[in-house]
Amino acid sequence: MFDINEIMKRAQQAKEQALDSVKETMEKNEERTNEIQVPGAEKSASISAAEVEEGIDVNMQRQVEILGQMFEKDSMAQMTVNEELLQKMVHDTAGDLMEHLFGEDMGVLAAALETLEMEDAEDEEGHSFDIELEEKLYTALEESMARLASMPEQEAIPYQKDDEKWEHFGILLSGILSTLNSHNLDSMDVEEHIPVMEQKIVSLVRRSWGIDGRGDLLDMIRYLAQEGYILRYQLYGEASSPEELMDGTMDEDDRESVSRAWRFAQRYKSQYAPGFMAGWDVGRAAMLTRWGCYLGWITESEAVGILWELSGKVTEELHSWREFAQSYLFGGLMWKLLCGDSSAGSYLGYLADAATDLLTGKTEQDNGQWRHCPWPAKRKIGFTL
């Protein structure tokens with residue numbers, strides 16, 4: 001378990017031990033200076049503050065070399081000053097200790113550890129994919145969707161074209177992923193602009209999406225808005241066999257993944273039309289839009305415009321936050337089946353919990369972000385990206 005407090009405590013102890021080592025070195029050298037007369041030609045140069053700090057991090061051989069040196073009294077006075085500077089540094093930089101330890105890799109490390117924790121929790125299921133597990137996942141999906149359908153929600157209301165509520169609604173389309181990542185949902189920025197969080201978001205977008213800048217970001221948003229899982233679910237539902245969706249480049253794992261997703265589409269195609277996938281596609285596109293704006297890859301006005309278009313698309317297909325949440329779970333399971341991830345049951349649980357929090361709130365004082373923003377009644381606008 002990643003414990004930042006424990007790491008800071010250990011780092012502080014390491015600093016203190018290093019300081020003790022320097023003090024011990026000075027004491028021993030002072031004793032030797034009192035006993036031995038050093039010829040003028042062999043007098044050591046004064047040790048700078050940077051050299052003292054460097055001594056903290058060098059290996060044992062360097063420690064031995066320091067212990068073997070003999071200093072004049074002027075040098076000893078300089079080292080006393082250095083000791084005071086070192087103590088001040090330890091005190092002043094306690095709050096920035098993690099940044100000193102990890103530098104620019106801090107965000108990468110935090111994101112990696114967060115991912116590992118999630119994987120550890122999921123691996124506890126320990127199942128391999130088979131037909132029996134698929135059936136259990138279908139049951140879990142249907143039960144979760146039924147619970148969401150039973151939750152209270154305000155009726156959809158008409159929004160005027162220039163209504164300020166559109167911007168907030170667009171932000172709330174990222175609600176499920178934002179909740180899972182503990183992001184802010186009150187403004188376009190997902191987090192406070194500090195280097196650690198910015199690096200973490202960059203790492204997340206690159207690692208999970210393969211997006212490395214403005215061009216990649218806009219391409220992915222266009223794909224999700226214009227094709228995405230709406231098209232994929234349609235193609236898998238129309239195929240008479242999974243083999244129609246395969247090609248010669250696929251290995252056995254890929255072929256099994258296609259077969260699982262094909263069985264999923266065949267099971268539900270008479271109950272859910274392809275447009276039902278809009279929540280899954282739009283929810284992720286909205287999250288990418290906010291991440292891209294936070295990182296400066298798109299401007300806030302561009303982000304507002306993209307969310308406006310995404311809002312139009314999703315309200316053409318879906319009619320409530322409950323249905324949006326159901327769509328997100330529905331698409332999430334198809335994605336997990338394609339990935340061959342047997343921990344899909346845990347994943348559905350995370351999504352359902354996040355949607356429940358948004359619909360109902362965690363406490364009596366917190367009524368849920370979605371409850372404060374009624375779903376827009378269907379509007380007639382064109383959609384282009």
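This note goes through a predicted model point by point, from the overall make-up of the chain to particular residues.

1. Overall make-up. The protein chain contains 17 helices and 0 strands, and of its 385 residues 42% are buried. Among the contacts in the chain that have a separation of 6 or more, 80% are between residues 24 or more positions apart.

2. A pair of helices. Helix H13, which covers residues 252-268, includes Arg 260, and the axis of H13 comes within 7 Å of the axis of helix H16 (residues 321-339), the two crossing at roughly 150°. Angles over 145 degrees count as roughly antiparallel, and H13 and H16 are therefore roughly antiparallel to each other. On the H13 side the residues that meet H16 are Ser 257, Val 258, Arg 260, Ala 261, Phe 264 and Tyr 268, while on the H16 side they are Phe 330, Leu 333, Met 334, Leu 337, Leu 338 and Cys 339.

3. Arg 260 within that pair. A reader may wish to look at Arg 260 with some care, since this residue is buried yet has no salt bridge. Why does Arg 260 have no salt bridge? The nearest side chain of opposite charge, that of Glu 256, is 4.2 Å away, whereas a salt bridge needs a side-chain nitrogen within 4 Å of a carboxyl oxygen. The side chain of Arg 260 does make a polar contact of 3.0 Å with the side chain of Ser 257. If neighbours within four places in sequence are left aside, Arg 260 is in contact with Phe 129, Glu 134, Tyr 138, Leu 337, Leu 338, Cys 339 and Gly 340.

4. Leu 148 belongs to helix H7, which spans residues 131-149, and is buried, with a relative accessible area of 1%. Which residues does Leu 148 touch, not counting those up to four places away in sequence? They are Arg 322, Ala 325, Gln 326, Leu 329, Ala 352, Ala 355, Thr 356 and Leu 359. For one of these, Thr 356, the separation from Leu 148 is 208 residues in sequence, although from C-alpha to C-alpha the two are 7.2 Å apart in space.

5. Salt bridges. The structure holds 11 salt bridges, and several of them can be described individually. In helix H7, Lys 136 and Glu 132 lie 4 residues apart, about one turn of the helix, and they form a salt bridge whose closest N and O atoms are 3.9 Å apart. Lys 136 is partly exposed, at a relative accessible area of 49%, and Glu 132 is exposed, at 53%. In helix H14 (residues 278-294), Arg 284 and Asp 281 are 3 residues apart, again about one turn of the helix, with closest N and O atoms at 3.2 Å in their salt bridge; here both Arg 284 and Asp 281 are buried. Lys 165, which counts as partly exposed at 32% relative accessibility, forms a salt bridge with Asp 163, the closest N and O atoms being 2.7 Å apart. Finally, a network of salt bridges links Glu 135, Glu 142 and Arg 267.

6. A backbone detail to check. Ser 182 has a positive phi of about 55° although this residue is not a glycine. Where does Ser 182 lie? The residue sits in the loop between helix H9 (175-180) and helix H10 (195-209), and Ser 182 is exposed there, with a relative accessible area of 60%.

Conventions
Residues numbered from 1 in each chain as written. Predicted model: local features only at pLDDT ≥ 70, side-chain atom pairs only at ≥ 80, totals over all residues. Heavy atoms only, no water. Buried < 20%, exposed > 50% of the residue type's maximum accessible area, 1.4 Å probe, protein only. Lys, Arg positive; Asp, Glu negative; His and termini not counted. Polar contact = N/O pair within 3.5 Å; in protein donor to acceptor, adjacent residues only side chain to side chain. Contact = heavy atoms within 4.5 Å. Axes fitted to C-alpha atoms, helices over the stretch in contact; angles between N-to-C directions. Parallel < 35°, antiparallel > 145°, perpendicular 65-115°, else oblique.
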